[in-house]
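I kept these notes while going through one structure. The order is that of my own looking.

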Amino acid sequence: MRDYLRTHEGEARILVVLALLMLVLGIASPSFFSASNIASLLNNNAVNVIWAVGLLVVLIAGGIDISFAVGASVVQYLTALVLLWLGGGNWLIGLVCAGVLGILIGSINAALIAGFRIISIIITIATFNALFGLLMFATSGRSIYDLPDWWTDRIGVISLGDGGTLTLPVAVMAASMLATWFLISRTTTGRQLYAFGDNPEGARRAGVATVKIQFIAYGWMGLMAGIGGLMQVNIAQEVVPNALIGRELDVLAAVVLGGARLGGGRGSVLGCFLGVLLVAVVQNGLNLMGVSPYAFKMVIGLTILAAISLTNVELMSRLTGRTWRRSHDQNN
Amino acid sequence: MMTAPSTQTAPDGPEAIRFEHISIRFGGLQALDDVSFSVGRGEVHCLAGENGSGKSTLIKAIAGVYQPAPGARMSYFGETIPASSPPLARKKGVAVIWQDLALFPEMTVAENIAFDSLVGKPRLVNYGTIRETARTALGKLGVELDLAAPLRSLPISGRQIVAIARALASDARLIFMDEPTASLTQAETDHLLAVVRVLSKSGVAVVFVSHRLAEVLDISSRVTVLRDGKLVGVFDAAGMTQSRLGELMTGRQLNQAVSARDPGNAPVVLQTAGLTRAGEYEGVNLAIRAGEIVGLIGLIGAGRSELAHTLFGMTRPRAGEIRLAGKPVRFANNRQAIGAGVAYVSEDRLSLGLVQQQSIADNTVITTLRAISGAGGLISARRKSAAVTRGVTEFSTKIGSPDDAVSTLSGGNQQRIVLAKWLAISPKLLILDCPTVGVDVGARDGIYRIVRALADRGIAILMISDEVPEVYFNCDRILHMAAGRIVGEFDPRRTPIAELERTVYA
Amino acid sequence: MTRIIDAMTRSFGREVPGLVGLLVLMIVGFSLASPQFLTGANFDSIASQLPELGLLTLAMLAPIIANGINLAVIAVANISGLTLAWVLNMYGGPDAGMLAFAAGVVLALAVGGLAGAAMGAIIAWFGAHPILASLAMMIFLKGIGEFLTRGGDISGFPEFVMGLGHGTVAGIPVPMLIFIGAAFLWHLLLARTRHGFAVSMIGSNPKASEYSGLHVKRSITLTYALSGVMCALAGIVMLTRFNSVRVGHGDALLLVTVLACFLGGVNPFGGFGRVAPVFLALVILQTLSSGLNLVGANQHLSTAVWGLFLIAVMVLRSGTPMLHALLANIRR
């Protein structure tokens, strides 16, 4: 654990902040730790976490993806059309369909980024506009409400008692976290993702297949975008083509807040979860304390700004720490 | 055609590598011309040559990156092979530690060492095996490192150890080290040399690739010298000196006349008293007169550049005083130092000396933006182009168009641009930190002539270097710095160069 | 012909001849496709839509040259617009005088500059990543806006404000004149002033710039402060055009501003970027949009085409050297 915290300073910091915050909220409002509040906190943020772990993989590999929320919208819409055409379908078909479509969209990004060596932010901004424009044009902005029942029915998975039930999206979130953790921590491919984000030239020289690595990163992001999109329908019970726009930046902020580094090589699944949760808990806490919902964003923005500044106070102490280590090293 | 006066054969047994008649051509450039190179098992060997002499090309040929022209004969550990490739070379036990180390700062020490086991067919990671691999490799070196620490927490020397361990982890029996001491302190270099001795004893051959070999000469057995893509010869390391090596690498006697002069009673421009910054330098007293060139010789890590940074206002001394033209100064930042007439030519021209991507013109005027501004504070195109022309012609710098990126220039011409940008502020004190690093040998005399000409205009010059001949032939007075202190003062007109070399490289 | 191209390249940058060619092609194509394309009405519609996007793109341009980004451009524009609206409402809403308007404009510009300076300071002094810092600032400012307006819009301004937004001088819409003026000032700022010089240098290599005596931190802060002022100007123009202010207005333009910069040849790694090609890129985007509109497509299709267009341009730019290498290989 000590080792983990040492190599994951971002996660350690946010864990402390989150724990303190929850403690304060727990004391200030008894309903904070109630089963129903915890359940709704998780149910409402499951999709963000699914997207966050997808984005995490791209950030680890040194890229960025602005287009995933639009990608998720496209997947939602196409999946809905496929399912309607099939006359209903079921969860398995839905998952496969959303996953495959998501991976396809991710692969388009990867092909452009790796194939033409264009910086990822440009490509994903371009695909954001292209996909969003095409989606809105093709659908004329019409929502789909007539969806199969299995898709929109609330499915309780675990009951926390007292009216709090964790729903299917939370289970899928847990599975996505586990799968992503397994990919990035337990497979050689995952370690190559870190290496490529950390030092692309070094990775290339060591024999890492860099094009393949980028397809895996953006493909995984696409997969998570698709699955997240599928789950979002379960929560919202409708497919609205422009409903997810703007979520990409919120998720990005949460992932970076959770210790992932813009520029690659650093980040963890736990950090993503904590990053999303921190924003959610701040919002939840303000809600419980009866603060006007209109003030939420302001406080969240201020929290992130404070966190950024705090990060760099840390940096100062790390710099002095390094000098210490260096002289220590020489004394040995 | 020079013949190779090799006097000592390689140690007994099949050699680690034998590459013969290696020729490599890139377009119009003959990078290597019929070069032969061999290293014995467990031998410590030096491969010396100036920038552009073909050292890197030769390493890349041995590592399988480049294919030599037909007619070459190559063998690894007694086994002749028709053609090499990076995986084959690696399999045969050849490893190259590039100057940038090619490590992964965010990953742990263990993963960095065992990284080669993470490449290849996708499979599960076994962290136990990784730690074991890392521990074994470090054990061979007799070094203990915290395996779970992220690499970024290690000093450069520690990272170098990790890079060596990584080579050993993939069973390397011949390790090339590209400029290994370039960024190490003295203590770190000593540590590295101790590690190399251990390697050599266990039968692993090590080749140092460098143009600065003073530090590694005494643990090496032979030196191979390249110049202009051709083999100059293979020499015994015993009895080799840095200046002899310099002659071999350059193919001519270095500017052999001592140019030292007496500054006479010229006013003192820079004076420091008891200047101290803990861990960097201590009790530094020095004085430089107008028109005087003072050499500051010392190995890397002696505190030379750190002292220069303080004089240039980038760091603050903890104790002591700096006087500029008689007045005490305390710089809060380097802008104040520049305003007071202090200029600093960094040894790191690529990332600190020039903004490489930007144009020659912009790099020339960057220090004098106010002077080239005209009406309304706008930069005047006319004044700018006049300033650029002045800067470029001043030192007869060879450029294409002033709008070309400065990175398109050769090292010598880049350094002329750096000097021109500092001359533009009419400096009182010019600090040169290893002014000929990365400058071709032929172009070095030109730089030295410019430096002397600047001194003749009354500029006080502090020339930092780790090459004795550089300060010996170009300075009026030489200060020797070691472990943060100035430990000796020499007059090139009275001290023989050999004595100075003995003192500095001892 | 070559001489004209050389002259264009020399005075406006390498990107300009290609962009001009593209624009001419587009104009010819659309004129053939639609008789309404080459009419005054169409010109008016282009000239009235261009300024908002244009001013926001200028605000995005400078930080990108400094190797940063300002994701808060829309948020700053909105909050500045709100400031002006608030001042106008304080002085009687529809009955407010010219003086109140002038005071409001000054205050709005100051608010924009302040928000930008705060963001720049966090980036320069704390070393925060520009994406994260500006994202956090965006969330924070939007939050303040939502808090103050309760999510609604503010309207009810004096007649002359509307007149400003829809009036013309010598047949050219006032907002267009403001944009042209701002673009010219921006060109002077970036290409001719010491600050602009510093921005380019710092964008390429902040460390070497500092060693050469540039005040890096101050320049970065100033860059974002001026970017904020430009956002405020955009916010004011938006207020005069729509006669109302609402948080979130113009959100869809955020990524389009980045797209326009890259289309205009701004280097994504910082250090290089000029106003003239970006101006041209904006004209091209708007012409494309109105041309497509005339042939029966809607704004969403334009958005899609913008994205695809950026991909095509980037692929061509990065592919050209590759193509040359390929051709050389074939010839050999």
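The entries below go from whole chains to single residues.

**Entry 1: ground rules.** I am working with a predicted model, in which local features need pLDDT of at least 70, side-chain atom pairs count only at pLDDT 80 or more, and totals for chains, interfaces and linings use all residues. Residues are numbered from 1 along each chain as its sequence is written, chains are lettered from A and ligands numbered from 1 in the order in which they are written, and side-chain values use heavy atoms, with hydrogens and water left out.

**Entry 2: chain A.** I looked up the secondary structure and found 14 helices and two strands in chain A. Helices (H or I, at least four residues) and strands (E, at least two) are DSSP runs, numbered from the N terminus. The C-alpha atoms of chain A fill a box of roughly 75 × 55 × 35 Å along the principal axes. I then checked the radius of gyration, which is taken over C-alpha atoms; the globule rule is 2.2 Å times the number of residues to the power 0.38. For 332 residues a compact globule would come near 20 Å, and the 21 Å of chain A agrees with that.

I noted that 58% of the 332 residues of chain A count as buried. Buried means under 20% relative accessible area, exposed over 50%, and partly exposed in between (1.4 Å probe, protein chains only). The accessible surface of chain A is about 13,200 Å², and 65% of it belongs to carbon and sulfur atoms. Such areas come from the Shrake-Rupley method with a 1.4 Å probe; for residues, only the protein chains shown count as cover.

I counted charges too: chain A has 19 positive and 15 negative side chains, with the centres of the two sets 12 Å apart. Lys and Arg count as positive and Asp and Glu as negative, while His and the chain ends are not counted. The place of a charge is NZ of Lys, CZ of Arg, CG of Asp or CD of Glu.

**Entry 3: chain C.** Chain C has 14 helices and four strands. Its C-alpha atoms fill a box of roughly 75 × 60 × 30 Å along the principal axes. Of the 332 residues in chain C, 57% are buried. I wrote down an accessible surface of about 13,500 Å² for chain C, of which 69% belongs to carbon and sulfur atoms. Chain C carries 16 positive and 10 negative side chains, and the centres of these sets lie 18 Å apart.

**Entry 4: chain B.** I found 16 helices and 20 strands in chain B. A compact globule of 506 residues would have a radius of gyration near 23 Å; chain B has 25 Å, which agrees. Along the principal axes, the C-alpha trace of chain B spans about 70 × 55 × 50 Å. Buried residues are 58% of the 506 in chain B. Chain B exposes about 20,000 Å², with 52% supplied by carbon and sulfur atoms. The 55 positive and 49 negative side chains of chain B have centres 5 Å apart.

**Entry 5: B:Gly295.** This residue is in strand β13 (residues 293–297) of chain B. Is B:Gly295 buried or exposed? B:Gly295 is buried, because its relative accessible area is 0%. Beyond four places in sequence, B:Gly295 is in contact (heavy atoms within 4.5 Å) with residues including B:Met463, B:Val471 and B:Cys475. I also looked up B:Asp466, 171 residues away along the chain, and the C-alpha atoms of the pair are 10.0 Å apart.

**Entry 6: B:Val258.** B:Val258 sits in the loop between α7 (242–250) and β11 (268–277) of chain B. With a relative accessible area of 31%, B:Val258 is partly exposed. Not counting residues up to four places away in sequence, B:Val258 touches B:Tyr472, B:Phe473, B:Pro492 and B:Arg493.

**Entry 7: C:Gln286.** Helix α13 (residues 275–294) of chain C contains C:Gln286. C:Gln286 counts as buried because its relative accessibility is 5%. Outside four places in sequence, C:Gln286 is in contact with C:Ile46, C:Gln49, C:Leu50 and C:Leu53.

**Entry 8: cysteines.** How many disulfides does the structure hold over all chains? I found zero; a disulfide is a pair of cysteine sulfur atoms within 2.5 Å. C:Cys231 is buried, at 0% relative accessibility. A:Cys97 also counts as buried, at 13%.
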